[in-house]
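Here are my notes on this model, written for a first reading. Please keep the structure open beside you and go through the points in order.

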Amino acid sequence: MMSRCPIRRIVKWGGAAISALLLAVWLWSAWWCTGVELHRVGEAGVISGRVYIQWFDPRSDTWSKPEWWGTARHSAPFRWWYEGRCINFGSVGSAIWLTRVDIPIWSLAVLTGVPTVWMFWRDRRNRHRAGMCIKCGYNLMGLRTDRACPECGWNRNTD
Ligand SMILES: [Zn+2]
């Protein structure tokens, strides 16, 4: 039997998928990086366990770096925490300012993972209380407690 609220199911499983994806990207970024660069606008990407965004101050002189999108190996040290800073790397006669914000990806996974785990836990508890199968939601009211769920085969007593 399907859950009564399909949107709830989608949010729940979507949250699980996004959390898993974030954790995978987090690990991947220890060795690999990816990013997008927009001419005179800024750059965004993933490296060393973090997502970063950096944008140029409009007062900056012409920024000559070409537009780029790609994936590459890197050897930068892994970073665990948030960071926000202003960088000025102009040479003589020019000035380039940019603001950069780094967000650790594990913190994003926590942000999506905690409500996801909570939703799974709550559904399980509600089913248990309502006398429903915690695996598939089938109504087990009136059935003998030593019998497995007729819908999916889950046994109340082994859990
Ligand atoms: Zn069941």
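## Notes on the fold

1. **A tryptophan to start from.** Tryptophan 106 is found in helix α2. The model is predicted, so its positions are computed. Is tryptophan 106 buried, partly exposed or exposed? It has 17 other C-beta atoms within 10 Å. Buried would take 20 or more, and exposed would take 12 or fewer. Tryptophan 106 is therefore partly exposed. Now find tryptophan 81, which is 25 residues away along the chain. The C-alpha atoms of tryptophan 106 and tryptophan 81 are separated by 9.3 Å.

2. **Confidence.** The mean pLDDT of the chain is 87. A score of at least 70 is reached by 89% of the residues. Among the elements, which has the highest confidence and which the lowest? Helix α1 is highest, at 94. Strand β4 is lowest, with a mean of 88.

3. **The parts list.** The chain holds two helices and six strands. Read from the N terminus, the order is α-β-β-β-β-β-β-α. Of the 159 residues, 9% count as buried. Now take the contacts with a separation of 6 or more: 52% of them come from residues 24 or more positions apart.

4. **The sheet.** Six strands make an open sheet with antiparallel pairing. Their order in the sheet is β4-β1-β2-β3-β6-β5. Which strands sit at the edges? They are β4 (68–73) and β5, and each pairs on one side only. On average, neighbouring strands of this sheet are turned by 15 degrees against each other, direction ignored.

5. **From β4 to β1.** Strand β1 covers residues 32–38. It pairs with β4 in the antiparallel sense, over six bridges. Glycine 35 stands opposite glycine 70 in β4. Cysteine 33 faces alanine 72, also in β4.

6. **The β1–β2 hairpin.** β1 also pairs with β2, antiparallel, over five bridges. Here glutamate 37 stands opposite glutamate 43 in β2. The two strands form a hairpin with three residues between them. Arginine 40 lies in that turn, and its phi is positive, about 65 degrees.

7. **Serine 48.** This residue is found in the loop between β2 (42–47) and β3. Is serine 48 buried or partly exposed? It has 19 C-beta neighbours inside 10 Å. The cut-off for buried is 20 or more, so serine 48 counts as partly exposed.

8. β5 (residues 83–88) and β6 (residues 97–104) run antiparallel and are joined by six bridges. In this pairing, asparagine 88 stands opposite tryptophan 97 in β6. Why does β5 lie largely in the open? Because the number of buried residues among its six is zero.

9. **Helix α1.** This helix spans residues 6–28, which is 23 residues. From first C-alpha to last it reaches 32 Å. That is close to the 33 Å expected at 1.5 Å a residue. Its buried residues are Lys12, Ser19, Leu22 and Trp26. What covers them includes α2.

10. **Helix α2.** With 25 residues, α2 reaches 36 Å from its first C-alpha to its last, close to the 36 Å expected. Where is the kink in α2? It lies at glycine 113, shortly before proline 115, and amounts to about 25 degrees.

11. **What α2 packs against.** The buried residues of α2 are Ile105, Ala109 and Thr116. They pack against α1, β3 and β6. After the helix comes glycine 131, with a positive phi near 70 degrees.

Note on methods. Residues numbered from 1 in each chain as written. Predicted model: local features only at pLDDT ≥ 70, side-chain atom pairs only at ≥ 80, totals over all residues. Helix = DSSP H or I, 4+ residues; strand = E, 2+ residues; numbered from the N terminus. Pairing = 2+ DSSP bridges. Axes fitted to C-alpha atoms, helices over the stretch in contact; angles between N-to-C directions. Expected span 1.5 Å × (residues − 1). Contact = placed C-beta atoms within 7 Å. Bend = angle between axes of the 7 residues up to and from the residue. pLDDT = per-residue confidence, 0-100.
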